[in-house]
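Me: I am new to this structure. Please show me how to read it, one feature at a time.

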Amino acid sequence: MELDAAQNPNPDPPISAYYQTRAEHHAVVSSDWLAHAAAAAASFPDAGAGADAAPPPSPGSNGGGVIEEFNFWRRKPEAAEAVAAIMALAAVIRSSRATTMMELEIELKKASDKLKSWDATSISLSAACDLFMRFVTRTSHLEHEKFDAAKSRLIERGEKFGEISLKARKTIAMLSQDFISDGCTMLVHGYSRVVLEILKLAASNRKLFRVLCTEGRPDRTGLRMSNELAALGIPVKVLIDSAVAYSMDEVDMVFVGADGVVESGGIINMMGTYQIALVANSMNKPVYVAAESYKFARLYPLDQKDMTPAHRPIDFGVPIPAGVEVETSARDYTPPQYLTLLLTDLGVLTPSVVSDELIQLYL
């Protein structure tokens, strides 16, 4: 490490906290970590549980801070960071000692802002906080109810939003099955939990298909994806990232996840998504995006640099010569014209419909 620093006087920018979490949950890890993750996932509340199911005890239920509650949820391998934020905000309402609706809304807003500032580069985290705030406070009926009744209604709405968010992945998987036909070959990019859920369900439905999986450099998340697909008995082939165009003629469709879906109907996702969509579009291959609605963000990027920077470490295995710059950006923006459909828990959408859905979500 000292040698690297000496030869490269311009060290990489700080790594985004969001991508440290992604590395913990998505990257290639040891068998011990996978065993630990499997045990943790087994204790995670069933996404199909009814609304009456009691939430598990957590730090926030004993008066802990919103960040403590958020960390409690986000450390669960199956919990998306945005869902962890939603569950943390719901806990804020339950544990609040406010005596008026105004105090409660101010407390909730402060908690939301604190979560968003935890990592300003996480699009899904920010979008989930904004949507939660809008969902639980969007009706004027609360103003005409007694405080205890209004607070109970807020708790009910907060838990309902959390329940919907937990179910989102399974909903998307069910809606996606019509797009997977026997004998097809699909390309996936890196590791996406929602794409994995889609493929798991297709395999359990005894559909016969083949998957080409990009390596997902530099953190090799695609190797994690290929391992999990192989364990399901799904035929899978790993591609180096630069072999996408070479292999595209074998592909019938592309499935990718998203870190965020923006107002234009485009997506922000892990680096390399844009070039995959460009190649697929030029060869008339459909590109399907699987994304939960809590990732819909009120953003309108105009180009690749019109986003908050998010960085990740790049290890080339050798020292970088002095004066050589390294591109550490972790994600890119794919414009809507290169996407075919968005598979979401709100339904199957064309990119042009996203702005309408955002309007409905924020009404």
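Me: How are α5 and α6 oriented to each other: roughly parallel or roughly antiparallel?

Reply: Keep in mind that this is a predicted model. To read a helix pair, start with the angle between the axes. Angles over 145 degrees count as roughly antiparallel. Here the axes of α5 and α6 cross at roughly 155°, so the two helices are roughly antiparallel to each other. Their axes come within 10 Å. The crossing of α5 past α6 is right-handed.

Me: Which residues make the contact of α5 with α6?

Reply: On the α5 side they are Glu-81, Ala-85, Ala-88, Leu-89, Val-92 and Ile-93. On the α6 side they are Leu-104, Glu-107, Leu-108, Ala-111, Ser-112, Leu-115 and Trp-118. Next, sort them by class. This contact has 10 nonpolar residues, one polar and two charged.

Me: How are α4 and α6 oriented to each other?

Reply: Read the angle again. Helix α4 covers residues 66-74, and α6 covers residues 101-118. Their axes cross at roughly 55° and come within 10 Å. The two helices are therefore oblique to each other. Their crossing is right-handed.

Me: Which residues of α4 and α6 make the contact?

Reply: Helix α4 brings Val-66, Ile-67, Phe-70, Asn-71 and Arg-74. Helix α6 brings Ala-111, Lys-114, Leu-115 and Trp-118. By class, there are six nonpolar residues, one polar and two charged. Look back at the α5 contact too: Ala-111, Leu-115 and Trp-118 of α6 are listed there.

Me: What is the angle between α9 and α10?

Reply: It is about 15°, with the axes 11 Å apart. Angles under 35 degrees count as roughly parallel. That makes α9 roughly parallel to α10. The crossing is right-handed. From α9, the contact uses Val-195, Leu-196 and Leu-199. From α10, it uses Met-225, Glu-228 and Leu-229. Five of these contact residues are nonpolar, none is polar and one is charged.

Me: Now the backbone. Where does a cis peptide bond occur?

Reply: First the general idea. Most residues other than glycine have a negative phi, and most peptide bonds are trans. Here a cis bond joins Arg-217 and Pro-218, with omega of about 5°. Pro-218 sits in the loop between β2 and α10.

Me: What is the phi of Arg-206?

Reply: It is positive, about 65°, and Arg-206 is not a glycine. Find this residue in the loop between α9 and β2. Arg-206 is exposed, with a relative accessible area of 73%.

Me: Where is Asn-284 placed?

Reply: Asn-284 is in the loop between α12 and β7. Its phi is also positive, near 60°, and it is a residue other than glycine. Check its surface next. Asn-284 has a relative accessible area of 71%, and is exposed.

Me: Does Ala-280 count as buried or exposed?

Reply: The cut-off settles this. Buried means under 20% relative accessible area, and exposed means over 50%. Ala-280 has 0% relative accessibility, so it counts as buried. It lies in helix α12.

Me: Which residues is Ala-280 in contact with, leaving aside its neighbours within four places in sequence?

Reply: They are Met-248, Val-254, Lys-285 and Val-287. Ala-280 and Ala-245 are 35 residues apart in sequence, with 8.1 Å from C-alpha to C-alpha.

Me: Is Thr-99 buried or exposed?

Reply: Thr-99 counts as exposed, at 53% relative accessibility. It is in the loop between α5 and α6. Now look along the chain. Lys-151 is 52 residues away from Thr-99, and their C-alpha atoms are separated by 9.5 Å.

Me: Let us step back to the whole chain. How many helices and strands does it have?

Reply: The chain has 13 helices and 10 strands. It has 363 residues, and 50% of them count as buried. For contacts, ask how far apart the partners are in sequence. Among contacts with a separation of 6 or more, residues 24 or more positions apart account for 76%.

How values were computed:
Residues numbered from 1 in each chain as written. Predicted model: local features only at pLDDT ≥ 70, side-chain atom pairs only at ≥ 80, totals over all residues. Heavy atoms only, no water. Axes fitted to C-alpha atoms, helices over the stretch in contact; angles between N-to-C directions. Helix = DSSP H or I, 4+ residues; strand = E, 2+ residues; numbered from the N terminus. Parallel < 35°, antiparallel > 145°, perpendicular 65-115°, else oblique. Left-handed = near helix turned anticlockwise from the far one by under 90°. Contact = heavy atoms within 4.5 Å. Nonpolar A, V, L, I, M, F, W, Y, C, P; charged D, E, K, R; others polar. Buried < 20%, exposed > 50% of the residue type's maximum accessible area, 1.4 Å probe, protein only.
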